[in-house]
Amino acid sequence: MDNMQVQGTPMGQEEQAEQEEIKKAQAAGAVDFNKKAEPEKSLNYTHKFAKPTEIMGRKYESLTFYFEELTGDDVENVELELQQRNIVVLSAEVSSAFQSAIAAKAAHMASDEIRRLPLRDYMKIKNAARNFLVAVGY
């Protein structure tokens, strides 16, 4: 044991060197340890229609999709609905039928209402549903 050598610098010098390196990085703008973590962004989506759109007899200028309120039951109900329509979904994140149906659930309406929207609106809503599914790891 007496023959063992300890390599490195004394702890005080190491810590001092690390602090100097951190100060240099902050001064250069490479690192900002004072920056607060950003709050988690909501996964809900509000779609603004280019012109008022009628859905179920009511005019909408915008429509909010409450994706964060969805449950496993909602996903299974969408899967069942699509099976009943003889639609096979291999991958939800690339299935327009699944995405529009899950968006309809998030908006508390029937999925055929989403499918009847003008293409521009349908695609934006469907893509918001896809982004949600990817974000939650579906």
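Trainee: Where does Glu-18 lie?
Mentor: Glu-18 is part of helix α1, which covers residues 11-28. Keep in mind that this is a predicted model.

Trainee: Stepping back, how many helices and strands does the protein chain have?
Mentor: Five helices and two strands.

Trainee: And in what order do the elements run?
Mentor: Starting at the N terminus, the protein chain reads α-β-β-α-α-α-α.

Trainee: What share of the residues count as buried?
Mentor: 28% of the 138 residues in the protein chain. The chain exposes about 10300 Å², and 49% of that area comes from carbon and sulfur atoms.

Trainee: What about contacts across the sequence?
Mentor: Take the contacts between residues at least 6 apart in sequence: 56% of them join residues at least 24 apart.

Trainee: New topic, Ser-100. Which helix is the place of Ser-100?
Mentor: Helix α3, residues 96-107.

Trainee: Is Ser-100 buried or exposed?
Mentor: Ser-100 has a relative accessible area of 1%, so Ser-100 is buried; the cut-off for buried is under 20%.

Trainee: What does Ser-100 touch?
Mentor: Leaving aside residues up to four places away in sequence, Ser-100 touches Ile-114, Arg-115 and Tyr-122.

Trainee: There is another serine I wanted to ask about. Where does Ser-91 lie?
Mentor: Ser-91 is in the loop between α2 (72-84) and α3.

Trainee: Why does Ser-91 count as partly exposed?
Mentor: Because its relative accessibility is 22%, and partly exposed runs between the 20% limit for buried and the 50% limit for exposed.

Trainee: How far apart are Ser-91 and Tyr-138?
Mentor: In sequence, Ser-91 and Tyr-138 are separated by 47 residues. In space, the C-alpha to C-alpha distance is 9.0 Å.

Trainee: Where is Leu-43 found?
Mentor: Leu-43 is in the loop between α1 and β1, and β1 spans 45-55.

Trainee: Last one. What is the relative accessible area of Leu-43?
Mentor: Leu-43 comes out at 32%, so Leu-43 is partly exposed.

How values were computed
Residues numbered from 1 in each chain as written. Predicted model: local features only at pLDDT ≥ 70, side-chain atom pairs only at ≥ 80, totals over all residues. Heavy atoms only, no water. Helix = DSSP H or I, 4+ residues; strand = E, 2+ residues; numbered from the N terminus. Buried < 20%, exposed > 50% of the residue type's maximum accessible area, 1.4 Å probe, protein only. Contact = heavy atoms within 4.5 Å. Areas by Shrake-Rupley, 256 points an atom, 1.4 Å probe, with all protein chains shown as cover.
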